[in-house]
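Here is a friendly tour of a two-chain model, meant to be read with the viewer open. Please have the sequence and the coordinates at hand as you go.

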Amino acid sequence: MHVLTDNWSTYWHGFLGTLWLTLVSAALALVLGAAVAGFRVSPVKPLRVFGTGWVTVLRNTPLTLLFFIVVLGLPRFDITLPFFTFAVLALGCYTSAFVCETLRSGVNTVPAGQGEAARSLGLTFTQTLGLVILPQAYRAVVAPLGSVMIALAKNTAIAGSFSVVELLGTYRTLNELGYGIVWTFVWIAVGYLVLTLAISALFNLLERRVAVSR
Amino acid sequence: MTVESSALYDVPGPKALARHRLYGWLALLAIAAVVGWVVYMLFHTQQFTYQKWMPFEYKGVQELLLRGLGNTLKAFGWTVLFALPFGALFAAGRLSDHRAVRWVCTVVVEFFRAMPLLVMIFFIFVALKAPPMWALVAGLTLYNGSVLAEVFRAGVLAVPKGQKEAAYALGLRKTQVMAYVLVPQANRAMLPTIVSQLVVALKDTSLGFLITYEEFLHAGKLIATNLDYDLPFIPVVMVIAPVYIGMCLLLSWFAKWLERRGRRSPKVKGGAPVAPAGLTPDPQG
């Protein structure tokens, strides 16, 4: 226990780092993922091809390799950003592929008849999308999106090895201070459990909110 | 060229088609601009000089890369070898009739699924002082084995109840029901999901890079940070990334092929319908 109480501020900083990294990357992943999902369901062929390529490549790229490319590769193009931004870029792009697939399969769960009915009532495209399709797709998306976000939170651990302050990285500091390594890791594990459980609780809540018997 | 069975768009008429074509050209232009910028930057920062590509002509460098690739595949092979039995064992445990066994297996599986893989790898590497390769393999086994356990369990549970009841009615014992009736039927339906999870395992072998395991990425880093070759970072990425992505793509396609074959096969249709819920592998990686 004293490992935690003695180093509360180290752990707290690490935890906040992980939390912040998760939140910002999640925001980027959601925006990018939504855009790419829009591309993939659009009637414009080049956009569809681009979307498919984006998802296929990113889903089959090891995240470590992506970090490697972003953190060490972009500076070769004279793009130097803080490590945190690099980490957000890598995590956000990687997760956006999974977000895209989740959203796309959510939209695909809406029967084509719904759109046809909406259009035959004279709704415009925006209305069809906003009032008919997205509210239905949203329900099918919440649960899988939750697992994507939990995976993202777990993946942030990789950022620690690329010079970002986050929870797993705290073990180095504590190890140097000579604290028992096992207990150091126990508290790191607890930190990650708190975060993943919180995300899953949040999405469970959302799911119950939007659940409708169909 | 319409998107099939989509609720979003109507079948386009001549006007909409013309508009889509316009958008198509605009999108092509935008994509071409991005690609053009990347290519320009590559030339601008002189990534195609002989000095940067020269190292790949050296025998030693080629061997280094091949050895790295070999180590990656070795870690992957061991992981597959350990994770499948691990998953089977814990899936059986979670389906056990004994509450204590079920409880222990549930805790183990849920814990290892909830932990970031890297935390486990670092723990085994730093605290248990395991050699890098075994730390990597052990971490990958615990994580992927736990995910596979859930896949197996969901697969067995998805076999229609009548199968089990009929088998018991014929007088088969618990183990026989499992081994002769449930698992063979579940197996065919689960195979694509298992292979997709193996793709995740293959991708995650690159985490070995972070604990100095001498795998493919590690070999690339060694070459990329060599001043004698003028820091050929981009060339290294251009060599390594396609190999990694290619390997994972091949395995993903294999999974997709299995799935398509399974959907066609009357055996699977008649036997166990796959319940997709909960069967999708975690997007960890």
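Two residues are in contact if their C-beta atoms, placed from the backbone, lie within 7 Å. This is a predicted model, in which local features need pLDDT of at least 70 and side-chain atom pairs count only at pLDDT 80 or more, while totals for chains, interfaces and linings use all residues. Residues are numbered from 1 along each chain as its sequence is written, and chains are lettered from A and ligands numbered from 1 in the order in which they are written.

**Confidence**

The predictor's confidence in each residue is pLDDT, which runs from 0 to 100. Chain A has a mean pLDDT of 90, with 99% of its residues at 70 or more. For chain B the average is 87, and 91% of the residues score at least 70. The complex receives an ipTM of 0.87 and a pTM of 0.88 from the predictor.

Where should you take care? Over residues 269-281 of chain B, pLDDT stays under 50, and the model has 22 contacts beyond four places in sequence for this stretch. Where pLDDT is low, the predicted coordinates should not be read in detail.

**Chain A as a whole**

Helices (H or I, at least four residues) and strands (E, at least two) are DSSP runs, numbered from the N terminus. Chain A has 9 helices and 0 strands, giving the pattern α-α-α-α-α-α-α-α-α along the sequence. The C-alpha trace of chain A spans about 70 × 45 × 25 Å along its principal axes.

A residue is buried if 20 or more other C-beta atoms lie within 10 Å of its own, exposed if 12 or fewer, and partly exposed in between, with C-beta atoms placed from the backbone. Of the 214 residues in chain A, 45% are buried. Contacts in chain A between residues at least 6 apart in sequence join residues at least 24 apart in 76% of cases.

**Annotated spans**

UniProt positions are given in the numbering used here, with feature names shortened, and annotations may be inferred rather than shown by experiment. An unreviewed UniProt entry lists "transmembrane region" at residues 12-37, 49-73, 79-100 and 181-206 of chain A. For chain B, the unreviewed entry lists that feature at residues 22-43, 75-92, 104-127 and 233-255. UniProt also places "domain: ABC transmembrane type-1" (unreviewed entry) at residues 69-255 of chain B. Some of these spans are set out below.

| Span | Helix | Strand | End C-alpha distance |
|---|---|---|---|
| Residues 79-100 of chain A | 82% helix | 0% strand | 27 Å |
| Residues 181-206 of chain A | 100% helix | 0% strand | 38 Å |
| Residues 75-92 of chain B | 100% helix | 0% strand | 26 Å |
| Residues 233-255 of chain B | 100% helix | 0% strand | 33 Å |
| Residues 69-255 of chain B | 81% helix | 0% strand | 22 Å |

**Where the chains meet**

The contact takes 47 residues from chain B and 48 residues from chain A. On the side of chain B that touches chain A, two or more residues each come from helix 1 (14-44), helix 5 (117-127), helix 8 (174-204) and helix 10 (233-264) of chain B. Helix 10 of chain B supplies the largest share of that side, 9 residues. By class, the side of chain B that touches chain A has 33 nonpolar, 10 polar and 4 charged residues; here Ala, Val, Leu, Ile, Met, Phe, Trp, Tyr, Cys and Pro count as nonpolar, Asp, Glu, Lys and Arg as charged, and the others, Gly among them, as polar.

Which residues of chain B does A:Ile69 touch? Not counting residues up to four places away in sequence, A:Ile69 touches B:Val237 and B:Ala241. A:Ile69 lies in helix 4 (residues 63-73) of chain A and is partly exposed, because 17 other C-beta atoms lie within 10 Å.

**The core**

A nonpolar core is a set of buried Ala, Val, Leu, Ile, Met, Phe, Trp, Tyr and Cys residues joined through C-beta atoms within 7 Å. The largest has 128 residues, and B:Leu118, B:Val119 and B:Ile121 have the most contacts inside it. Helix 6 (residues 132-158) of chain B gives the most to this core, with 15 residues. Leaving aside neighbours within four places in sequence, B:Leu118 is in contact with A:Ala157, A:Ile158, A:Leu168, B:Leu207 and B:Leu210.

Finally, is B:Gln197 buried or exposed? B:Gln197, in helix 8 of chain B, is buried, because 25 other C-beta atoms lie within 10 Å. B:Gln197 and B:Leu148 are 49 residues apart in sequence, with their C-alpha atoms 7.4 Å apart in space.
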